[in-house]
Amino acid sequence: MDKSKKKQRNAESRSAKKSPLSGAFLQTREWAKFQSATGKKTLWVDGVLVLYSPIAFGLSYAYVPRPQQLDKKKLEAIITKAKEDGCVFVRVDPIESLPVCKQSVIKVKDHQPAVTRIIDLIQSEEDLLSSMKSKTRYNVRLAKKKGVEIKKARGPWGIKKFIRLVDKTAKRHSFGLHSEDYYKEMISSLSGEEATAHLFVARYNKKSRAAALVLRHGNTATYLHGGSSEKDKNVMAPYLLHWTIMQWAKKHGCHYYDLWGVAPEGKKDHRLQGVSRFKEGFGGVVVEYPGTFEIPIRQFWYSLIRAYRHIK
């Protein structure tokens, strides 16, 4: 094994051992504020954020996103509270395996990314570049040579550019898109001590060609949403965009850059396969989580909701 590959392998091993809790921002006060602004009821049960979301037939369910240190006692307290409040089921995206509980547990479609790619920013910039795939490294340098500029965006201008590029990407790849008000509220709510949202825009010839919404929490910067234009694809703006975000995150004390969602290994038909190849080029390690589980509380209504989902 040559020195460069050995260095990369050592960096990956080091990163894998110290990987952060991906999605830990989902248990912050800022995220609770944002979810409350979008119409969800938020409450804290034994220090764990629980969201009540409406579903069909005027019913609701309790959702626990990425809880940390979720033991049996806390889980049972959440279930009891949800039952008292008339929820149909409890949905959980655990960091580790779900604690054993008295109720039945059903594995369902992932709600949050169960697989992600995380880059160790503790490395030097030289090592970060050498850990990238050669084509990605080349595209980063090409974008810089072509004159692509990355700007930290603020206010209405930044949101407008971001929304336009995300909209173009959503239409191009046929996936769902949140409303403009949703993103505005996210950026407004996520501006506290625990979690802050930041917008970055890549421009070429004074035209916006790529944008990213990044959330900083603790020692981790997470790439939440992004978009790009089909115009001027040859200048490789998205590559310089992410490299600049990595540099910014490193400068501001972040140890990790979480690319937030990639396709599971071996699933070539997964909807994230295309973007996963792009993210893979930046290096890092793949980190997997258990996925999403549902715990039925009101069995009749839960069965009806499951049937409704299947038909829909």
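Visitor: What makes up the contacts in the chain with a separation of 6 or more?

Guide: Residues 24 or more positions apart supply 73% of them. Bear in mind that this is a predicted model.

Visitor: What share of the residues counts as buried, and what does the chain expose?

Guide: Of the 312 residues, 50% count as buried. The chain exposes about 16300 Å², with carbon and sulfur atoms supplying 49% of that area.

Visitor: Why is Cys101 called buried?

Guide: The cut-off for buried is under 20% relative accessible area. Cys101 has 13%, so Cys101 is buried.

Visitor: And why does Cys254 count as buried?

Guide: The relative accessibility of Cys254 is 2%, which is under 20%, so Cys254 counts as buried too.

Visitor: How do you know how many disulfides there are?

Guide: A disulfide needs two cysteine sulfur atoms within 2.5 Å, and by this rule the count comes to 0. Take Cys101: the nearest cysteine sulfur belongs to Cys87 and is 15 Å away, so Cys101 is in no disulfide.

Visitor: Which residues of helix H2 are buried, and what covers them?

Guide: Helix H2 runs over residues 29-37, and its buried residues are Glu30, Trp31, Ala32, Phe34 and Gln35. Their cover includes strand S1 (41-45), strand S2 (48-54), helix H7 (180-189) and strand S8 (195-204). After H2 comes Gly39, with a positive phi near 105 degrees.

Visitor: Why do residues three or four places apart in an α-helix point the same way?

Guide: An α-helix has 3.6 residues a turn, so residues at that spacing point the same way.

Visitor: What do the buried residues of helix H9 pack against?

Guide: In H9, residues 273-280, the buried ones are Gln273, Ser276, Phe278 and Lys279. They pack against strand S6 (115-120), strand S10 (220-228) and helix H8 (237-251).

Visitor: One last thing: how far apart are the mean positions of the positive and negative charges?

Guide: The chain has 58 positive and 30 negative charges, and their mean positions are 6 Å apart.

Definitions and conventions: Residues are numbered from 1 along each chain as its sequence is written. This is a predicted model: local features need pLDDT of at least 70, side-chain atom pairs count only at pLDDT 80 or more; totals for chains, interfaces and linings use all residues. Side-chain values use heavy atoms; hydrogens and water are left out. Buried means under 20% relative accessible area, exposed over 50%, partly exposed in between (1.4 Å probe, protein chains only). Contact means heavy atoms within 4.5 Å. Accessible areas come from the Shrake-Rupley method with a 1.4 Å probe; for residues, only the protein chains shown count as cover. Lys and Arg count as positive and Asp and Glu as negative; His and the chain ends are not counted. The place of a charge is taken as NZ of Lys, CZ of Arg, CG of Asp or CD of Glu. Helices (H or I, at least four residues) and strands (E, at least two) are DSSP runs, numbered from the N terminus.
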